[in-house]
Structures are given as C-alpha cells and as structure tokens.
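Welcome, and please open your viewer. We will go from the whole chain down to single residues, one selection at a time.

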Amino acid sequence: MRTQQFNLSDTQRFLLRNVSIIGLGLFINQMLQTVGSIVLARELGDPDRFGEVNLLLQIFGMIALFLNFGFNSSLIYAFSRKPLEAVQTNLRVALTGSFLFSLIIGLLLLALAPLLANYYHLPELRGALLLSSIMFIFSSILNIGVASFSGNRDFGTQAFFMVITTALSTTGTVLGVLLPRGSLSLLENISLWMGVGAFLTAFIICIKVERVHKPLWFGPLPIQEVKNMLAYGLPTWAGNIAKAFQQPFLVMMVGSSSVLAVGYLANGFRITGFIGIITWAFMIVTLPFVAEKAQDAQESKNRGTSCIRYNNILLYPLTAIICLYPSQINGFLFGSDYSTGDSATYIRLMALGVLFSSVGRLGGSIMAGIGKTKSTFWVMIAAGIFVVILVPMVAASSPVLAVWIYTGGWAVSALTMIGFYYYEKFTLNWWKAYGEPLLPTIAMLVMMVAGRFAKSWLPLFIVLGLLALLVFTIWIERTRKPRSKAAQRAVVVE
C-alpha cells in the first residue's frame, strides 16, 4: 500500500511564483509602453498627430495577430508534454512554418499599404507600412523562440525576453519621433526604427535558444508532424486572432473619422493594460501548468480553479479602482488635455472589458491545457461578432457607443465560456473561482464610495478601503485552506 498525495499548496506556490515572474515582466512591459506614450504625447504636443502615431501602432498590432499560424502555441504544448521531440523536431517545424507564413503576411501588406493610406487619408502611412514588412518576419522568429521557453516552464527567461522585446520596440517608436532621418516622414521613421528593434530582439533570442535548447536547426520537415502541429495550433491561432483583434479593430474604425478619439482610446488602453497584464500572466503560466496534469482530470480542475481564483483576487479590486477614479488616473499620466468626460467613459468601459475578457481568455488556456482548443475559437468569435458587425455602423458618429459594443461583446464571450465548461464536462468550483474573490473587493468599494460623501476625508477612506481589502483577503484564504487540504487528501493506491 502506498499513498499518493496531491499537495495543492505546492501547486499554488508554483502557480503564484511563476505568475509573479511573468506578471513582473508584463508590468515592466506595460510601464515601458505607457512611458513611451507619455513621451510621445508630450513631445508631439498635438492630440491629432499623437492619434496618427497610435493609429499606425494599432495597425501593427492588428497585423501581428496573424503571425505564426498557431505554430507557437503548438510548440508550447509540445515542450510541455514531449520536450525531447520538441527540441529535435517541433522547434524546427514551428520556426520554418512561421517564417514562411510571415513572408505571405509581408507580401499582403505590400499590396494593402496603398489602400490603407487612402482609407485613412494619410499618404505617409503607405511608406510606413512598406518599411514595416521586414519587421514582421523578425517578429515571427522571436515569437517562436519565446514560446520554447514558455513550453518548458522557464518563465523567468520568457519574462526577460518579453521585456527586451517591448523595450526595443518602444525605444524604436520614441527614436522615430526624436531622431528624424532625412526625407522620411514621422510615421516612416517610426516604422524604420521599430524594424531595427525587431531585428535585434530576434538575434538575441535565437542565440539564447541555441545555448539553452541546442535544437536541430536543419533537417527534414515530417509531414505528419506538420499536420499534428497545425491540428492543435490552428484553432488556438484563430481564437487568439478573434481574442485580440477587437482592440485594434475598434481603434482603426474610430480612426477613420477621428484621430483625436484614437488618442483618447490609446490612453485608455494603456491605463487598463495594467490590469490586463494580470490575466495575461495567468494565461501564459496556465497552459503548461494544466497540461502537465492533463491525464488527471480532477487535478487539472483544481489547477484551473486556482488559476482563475488568484487572477480574480488581483483583478477585481484593480478594476474597481480604475472605474472609481478614471479621470484622476488619466490626468496624472497624460495631462489634463487628454482627460475629458468621454475619456473617463472609455476607461471605465475598457476596464470592464478586461474583466469580462479574463473569463474567456483564461478559460481558453485551461481548455488548451487539457487538449481542447475549440472553445478558444468560438468564445472569441462570440466576443468579436458584435464588434465586426455593429462598430463600423456607429464608430464614425458615436465612438462612445462603439466602446459600449466592444465591452458588451466581452460580456457575451464570458457567458459562452461558462457554457463550454459544461459542454466539455470540465466544470470548476465556481464559488471558489469567482465568488469568494469578490467579497474583499465589495468591502473595499463600500469604504471608498462612502469616502466620496466625506469630502476632505476621502484619502482616509481610501486607505481604510485598501486595508479592508487586504485583511478580508487574508481572512478568506486562511479560513479556506483547511477545507482545501481535507478535500485534496491522498488517494490510496494498491
């Protein structure tokens, strides 16, 4: 007789430690992007010109979604399950397939550049897009390199590369404004410097991949392995496109009539991006974390529940704070010129959008961890269908209504994800995942809202609200742990 025990506290420590590492990297990324936006906003001193630059960056963001063709997510799964095969074959297959597909993307961009320039009435946009074609080839390479470190759960290295990528990209954007070159326009110069940043990042990551993994760079491309990677990766790739395209699509639609509104939206996404990094961090860790125990359904459910629970413990209060004080945060970061009534509405809606989107995004990573990738695609289709159909109709006349539609789409996607849990017979502990984490945030909100009526005493009530959040969270965790340990006792095996 021997006893096998699932030590949930160990998995929790693993989860929180690595989420903290990735979260720190994402926080630094978001800080770098925000500082870059602040420098651009204050250096340009023109909300319209600032909007044009952000329009270019959103177009880049939209194009980047189509890179890799699902090979990066397949590589993560391969490293999580069969690391030796991943080094010998899968990494080479993923790199080759991703590189070839990026060439196709580059050719399409060359063809579409004149059309986009005419659509936005920005002649210099054409040259900027032409110069950016090479950047996406290097971006596809670095994405595969980063995926290899995520798959073997080397999250420290992955976080480092994320920071390097963002630092060089943001530096390129800032240098494009501060160091004009010859006859190049502002947008063309930004595109050129961002391309240099992508090349340097890809070079650094490839050297690290060689030193750590020592993969077989050259060799055959087994057709069956290509098919297997595509079978797993394509639904995830399509789901990621549907998941992330709403933001750049929304900005591009609004930009067709008002580059001023584009600047307000960009600032709002920068602010709410700080809470979005929480879910991104959990998503990155969750897929290999759940995949490691994919053969044990109950342990996979425990791990998935823990991922959602700790995501919400952090996400709920930060979302509430942004919704309470949008104008104060916006004015402090970007200046009073960018803080208006509409901008406050944008920020609140975007914060709620991040909260709703966390349900489907994190749920998709959990399902991918157990080998089920269809939910990622359909849940994100549910989020994006309203944006694609309705936003083009209202964006020109009412950007605020367009953002309402954007947030509503994420709310629908959250409900769809819950339905997929039942469809796949993989239901979680809903109270533990979504209910308990909400209680400390409610306590905090009560104190902070009461402080609004206290006028000069508001700072004191804010401090009391934060203390209530901290104390209540610790109390819930302490009262829950004994029950969790009893529930996860060892199973006796003959």
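Begin with the charges: the 35 positive and 20 negative charges of the protein chain have mean positions 9 Å apart. Here Lys and Arg count as positive and Asp and Glu as negative, while His and the chain ends are not counted. Each charge is placed at NZ of Lys, CZ of Arg, CG of Asp or CD of Glu.

Before you select anything else, note that this is a predicted model, in which local features need pLDDT of at least 70, side-chain atom pairs count only at pLDDT 80 or more, and totals for chains, interfaces and linings use all residues. Residues are numbered from 1 along each chain as its sequence is written, and side-chain values use heavy atoms, with hydrogens and water left out.

**The whole chain**

Show the protein chain as a cartoon and you will find 18 helices and 2 strands. These are DSSP runs numbered from the N terminus, with helices being H or I of at least four residues and strands E of at least two. Along the principal axes, the C-alpha atoms fill a box of roughly 80 × 70 × 40 Å.

Of the 494 residues, 54% count as buried; buried means under 20% relative accessible area, exposed over 50%, and partly exposed in between, with a 1.4 Å probe and protein chains only.

**Helix 2**

Select residues 47-64, which make up helix 2. Is this helix mostly covered or mostly uncovered? It is mostly covered, with 13 of its 18 residues buried. Its end C-alpha atoms are 25 Å apart, which agrees with the 26 Å that its 18 residues should span at 1.5 Å a residue; the expected span is 1.5 Å times one less than the number of residues.

**Helix 7 and T201**

Next, select residues 186-212, helix 7, and pick out T201 within it. T201 is buried, with a relative accessible area of 1%. Leaving out residues up to four places away in sequence, T201 touches L142, I164, T165 and L168, where a contact means heavy atoms within 4.5 Å. Following helix 7 is K214, whose phi is positive, near 50°.

**Helix 9 and M253**

Move to helix 9 (residues 246-255), where M253 lies. M253 counts as buried at 15% relative accessibility. Which residues does M253 touch, not counting residues up to four places away in sequence? They are Y119, V391, P392 and A395.

**Helix 11 and N311**

N311 sits in helix 11 (residues 297-324) and is buried, at 1% relative accessible area. Display I278, T279, F282, S358 and L362 too, as N311 touches them, not counting residues up to four places away in sequence.

Most residues other than glycine have a negative phi. For our last stops, look at two residues with positive values.

- H121 is in the loop between helix 4 (83-119) and helix 5 (124-151). Its phi is near 55°, and H121 counts as exposed at 66% relative accessibility.
- K425 is in the loop between helix 15 (399-423) and helix 16 (430-435). Its phi is about 55°, and K425 is exposed, with a relative accessible area of 70%.
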